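The sequence and the structure are shown first.

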Amino acid sequence: MRVPNSVVLPVGTHVDCCQKEEVEVKRRDIMAKIMAMLAERKSNLAHFIDNLEGSEEPEFYVDQWERLKEMESRTLTILNLVTVNCTDYHDIKKLEATILEHVKNEELFPEVTRVLPPVYRQVEAAIVDIAQSEEMAGHGMMDLQYLLSKLSQWEHLANLGRELLQDILRYLHRIGLVVWYEEIKHLESTVFLQPTFLITMFKLLVRYRLVQQLESIS
């Protein structure tokens with residue numbers, strides 16, 4: 001809901017734990033709840049905007065009004081829920097095929113036909129090489145300027161500038177090859193070349209009932 005023009009594919013797992021006739025009932029129920037949630041959000045946003053516009057001194061709330069109007073304008077496309085038995089290889093392949101089918105849909109993803117300059121592919125290949133090299137630390141974190149200096153060692157990337165690299169990193173961040181939090185001041189100069197490390201770290205830190213687990217320790 002916070003990302004402009006998002007496309008969401010709901011996936012219902014553990015089909016093998018349900019009776020066959022239950023699956024369609026549950027699928028319809030989940031989709032109905034999602035749509036109700038979106039309708040409630042839209043209604044709440046409209047209510048907040050009306051309150052600000054109807055206040056005695058609306059000029060004091062211009063920033064809030066603009067943020068709410070921006071959120072209201074964002075579209076969120078919800079695709080039909082896919083049901084999956086994660087213990088069945090064929091179901092996993094079915095999910096993969098469904099995702100690829102949607103990704104190739106130009107109406108959902110207009111940028112799918114975008115032609116990238118050759119340097120994008122060259123930098124992508126070089127970053128993969130760096131991430132897989134023996135000298136790369138296990139956490140996969142690298143300073144942005146140091147990454148630029150490493151890439152510049154490739155003959156065909158010798159003239160790569162920082163601004164172009166940042167454009168390429170934004171693209172690689174969007175496709176999930178790297179993670180670069182350029183909007184966070186303390187992380188803007190750090191590139192995560194191995195996003196799986198972040199996933200592992202979050203799994204260790206963000207846990208269900210973590211507070212209760214910590215409190216149980218004497």
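Is glutamate 96 buried, partly exposed or exposed? With a relative accessibility of 37%, glutamate 96 counts as partly exposed. This value, like the others in the report, comes from a predicted model.

## Confidence in the model

The protein chain has a mean pLDDT of 88, and 98% of its residues reach 70 or more. Among its elements, strand β6 (residues 190–192) has the highest mean pLDDT, at 95. The lowest mean, 80, belongs to helix α8 (residues 210–215). Where pLDDT is low, predicted coordinates should not be read in detail.

## Salt bridges in the chain

Side chains of opposite charge can pair when their charged atoms come close. In this model the count comes to nine salt bridges. Glu24, Arg27 and Arg28 are linked in a network of such bridges.

Glutamate 96 forms a salt bridge with lysine 93, with an N to O distance of 2.9 Å. Both residues lie in helix α3 (residues 89–103), and because they are three residues apart there, about one helical turn separates them.

Lysine 93 has a relative accessible area of 35% and is partly exposed.

A salt bridge joins arginine 121 to glutamate 124, whose closest N and O atoms are 2.9 Å apart. The two residues stand three positions apart in helix α4 (residues 118–132), so the separation is about one helical turn.

Glutamate 124 is buried, because its relative accessible area of 17% falls under the 20% cut-off.

## The pair in helix α6

Which residue meets the side chain of aspartate 167 in a salt bridge? The partner is arginine 170, and the N to O distance is 2.6 Å. Helix α6 (residues 162–175) holds both residues; they are three residues apart in this helix and therefore separated by about one helical turn.

Aspartate 167 is partly exposed, with a relative accessible area of 33%. Arginine 170 is also partly exposed, and its relative accessible area is 29%.

Key: Residues are numbered from 1 along each chain as its sequence is written. Side-chain values use heavy atoms; hydrogens and water are left out. A salt bridge is a side-chain nitrogen of Lys or Arg within 4 Å of a carboxyl oxygen of Asp or Glu. Helices (H or I, at least four residues) and strands (E, at least two) are DSSP runs, numbered from the N terminus. Buried means under 20% relative accessible area, exposed over 50%, partly exposed in between (1.4 Å probe, protein chains only). pLDDT is the predictor's confidence in each residue, from 0 to 100.
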